[in-house]
Amino acid sequence: MTSHLFLGIDSSTQGMKASIISSKSLGTVIHYRAINFDRDLPHYKTKDGMFTNGAQVQSPTLMWLEALDLLLSQMMEDQIQGTSTSGQPFRFSDIVAISGSGQQHGSVYWKKGASMNLNSLDSNVPLAIQLGYSFAKMNSPIWADSSTGDQCASLEEKMGGPMNVAVATGSRAYERFTGLQIAKIKQLEEKTVYDQCERISLVSSFMCSIFLGKYAPIDTSDGSGTNLNNIMANNGIDWHNDAVEHCGGVELYEKLGSKMVPSHSCLGQISNYFVYRYGFSPSCNVISWSGDNPCSLAGVGLQQPGDVAVSMGTSDCMFTFMENATPGSDGHVLRNPVDPLSFMGLLCFKNGSLVRENISNQYCNGNWETFATMLNSTPPGNNGHIALYYDSPEITPSTGNKCGTQRFSADGQLVDSFSDPCIDVRAVVEGKFMAMRHFGESIGMDIQSCTKIIATGGASNNNAILQVMSDVFGCNVYTLDQSDSASLGAAFRALHGHVCHKSKSFVKYKHVIPPGVFGYNLACIPQEGVTKIYDGLMEMFVTCQSKFVKSLLS
Ligand code: ADP
Ligand code: XUL
C-alpha cells in the first residue's frame, strides 16, 4: 500500500528545516533535512540569518526563496539516493499535503503586479531569480527588530492605552509586531515601498503563497502576532479596524487580504512549479502555514489547558494551551493553531541561544560540552550571583531599544565581573529560567501545578541546561526525539488540515494526532531540595531585573 506522506517546512531565523511524516507511523520522522543560512548561503552575508543595524533587524527576502530551492533540491537528491533519516525511502510524489512554519512577525512586501509572477512560476528558473523583482522591499523586517518604539506609543495612545491594545489584539503594542513595522514603513518609506506594495505577507503566508502560486491568507494564530487582529470576534478571523486604520490607513485592508483563516484551512493545491521541478503530485494539498511557536505547540503535542512547553531556538519562548484569553501587559495571547475555539499563551525572550552562544564562545571555546561541564561545576543558585544579559534589546521584560549586561553579587550589589567564568555560565542559564518562571506566573500560567515541561529547539539538546530548567520550575522536563518541533508540528498540521478538508468539517487535533504519538523522553527530574533554593532567590532576581530595566529605560 502506498504510504501517505506529509511535509512540514520551518522557515526560521537561522535556517530552513523540513520534516516528512507518514500516516502509517506518526511517531517516526521519515526524513529530516536542515540548511543554515550563514553557512549554506554565505553570499547573503547574514549573521545568524539576520542583518542587524542597531535596533533595526532585517533578513533578505530572496535568501528565503533560495533556501527553499536548496532544501528541496537536497531532499530530491536524498530521494534519488534512497537515503533518509529513518532509513525508509520516500518520494515527493507520495506527499499528500504540505504545511509550514515561519518565524513570527516578519513581513514581506510584494510589489504591484507580483501576483502575476506568482501565478506563472516557471519550473526551469529558481525562485529567487524569477521573483527577484517582485518585492517593494528587498529586506524583510523580522521579529528581532525593536526599532518601532514611536509607533508602539502612537498605537497605544490612539487605542486608549496598552491594556486596550492587549484586550483588542492579544498583546499590547510590541516593537516587532507586524502592524507597527508596517506603520513605520508607511511613515518613512511611503512612496518607495508602501504605495508600491500590493500585498503584505507574514513569513508564514509568504512561504505558503509560493507553494500555492497565489497569495495565501494569513492564519489566525500567526495573525495574532501583528497587533492588527481582532483576537476575540469570529474566532479571530477579522482585522481590528482601529488598529489597521491607524497603522496603515484603509488601504491596508487590501494589502493584508480581507480576512484571516483558521490555521487548519486547506488553501488549494500545490503550484506546478513544485510538480515539474521536484515531482510533487499535482493533487498535493497546501494547508495554511502558521508561526513557528504555534507550529511548535502542535509539534510537541500541547493538547489541554495547563500543558507547557519551552522552545530554545534563536529566541527562548514559553507557551501553553489556554481555553480562555486573558491578555495582559506582559506576554501574548494568540489564537490556537490546532483548535480554532481556544488560545495559546506565549512569552518570548529575545536573548536566548545567541546569548548562551556568546558566553560559550567567550569562556568555553564555543564548545557545548565544556559549557555543560562548567555549568555543572557550580552549585544551583550560583551562591546568590545573578546576572542579566541583554545583548540585544529584550522583549520580556521590555527594554525598548536598549541593551546591556548587569551582574550582581549575592547581596544584590552591582559588580563589574564575576570572579570565575563558571559563574557567568550558570548565571546566563538560571537567569533565563527565573525570568520565565516570574513572567509565566504574571500572565496566569499555573507554574505551581505544572508537572511537566516539554523542551524543544536547538538548546534542548543540552541536558545540563535542561536540569536547571527542571530545578527552577520544580517539574520534570521531557524532550522529543527530534528537537525541531516547528517543522514536525507543521507536518502534523498538514495531516490535520488534510483530514479536516476531507471530512469537510473541523476534526479535533487529538483525534488525528493522538497523544500517544508524542514519544516524550524524560530528560531531567528536579534534584532533591533544589527548587527551594530558587524559591528563595526569586525575589532577589526580580529586584535585580527591575533595577536593571529601570536603569536602561531611564
Ligand atoms: P531557530 O529555529 O530559531 O533557527 P534552532 O532551534 O535551530 O533555532 O536553535 C539554534 C540554536 O541552538 C543555536 O543558536 C545554538 O546556540 C543552539 N544550540 C544548538 N546546540 C546546542 C547545545 N548542545 N547546547 C546549547 N545550545 C545549543
Ligand atoms: C515570538 C517571537 C520569536 C519568533 C522567532 O513572538 O518573536 O519567537 O517567532 O522564533
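A polar contact is taken here as a pair of N or O atoms within 3.5 Å. In the predicted model, this criterion applies to asparagine 293, which has a polar side-chain atom 3.1 Å from an oxygen atom of ligand 2. Arginine 176 also contributes a polar side-chain atom, at 2.8 Å from an oxygen atom of ligand 2. From the backbone, a polar atom of glutamine 104 is found 3.1 Å from an oxygen atom of this ligand. The exposed area of ligand 2 taken alone is 290 Å², of which the protein buries 97%. The surroundings of ligand 2 comprise Gln104, His105, Trp143, Arg176, Asp292, Asn293, Ser315, Cys317, Leu346 and Cys348.

Ligand 1 has 14 residues around it, and those that come nearest are Ser12, Lys17, Thr314, Glu357 and Gly458. For glutamate 357, a polar side-chain atom lies 2.4 Å from an oxygen atom of ligand 1. A polar side-chain atom of glutamine 14 is placed 3.1 Å from an oxygen atom of the ligand. Glycine 458 approaches through its backbone, with an N or O atom 3.0 Å from an oxygen atom of ligand 1. Ligand 1 exposes 580 Å² when taken alone, and 79% of that is buried by the protein.

Glu357 belongs to helix 15, where it is one of the residues that meet helix 16. Helix 15 spans residues 353-363 and helix 16 spans residues 368-376; their axes come within 10 Å and cross at roughly 90 degrees. Angles of 65 to 115 degrees count as roughly perpendicular, and helix 15 and helix 16 are therefore assigned to this class. On the side of helix 15, the contact involves Arg356, Glu357, Ile359, Ser360 and Tyr363, while helix 16 supplies Trp368, Phe371 and Met374.

An open sheet is formed by 3 strands in the order 17-18-19, with antiparallel pairing. Its edges are strand 17 (386-390) and strand 19 (414-415), each of which pairs on one side only. Strand 18, covering residues 404-408, is joined to strand 19 by 2 bridges, and these two strands run antiparallel. In this pairing, phenylalanine 408 stands opposite leucine 414 of strand 19. Helix 21, residues 530-553, packs on the sheet and touches both strand 17 and strand 18. The direction of helix 21 makes about 40 degrees with that of strand 17.

Notes. Residues numbered from 1 in each chain as written. Chains lettered and ligands numbered in written order. Predicted model: local features only at pLDDT ≥ 70, side-chain atom pairs only at ≥ 80, totals over all residues. Heavy atoms only, no water. Pairing = 2+ DSSP bridges. Helix = DSSP H or I, 4+ residues; strand = E, 2+ residues; numbered from the N terminus. Contact = heavy atoms within 4.5 Å. Axes fitted to C-alpha atoms, helices over the stretch in contact; angles between N-to-C directions. Near = heavy atom within 4 Å. Polar contact = N/O pair within 3.5 Å; in protein donor to acceptor, adjacent residues only side chain to side chain. Areas by Shrake-Rupley, 256 points an atom, 1.4 Å probe, with all protein chains shown as cover. Parallel < 35°, antiparallel > 145°, perpendicular 65-115°, else oblique.
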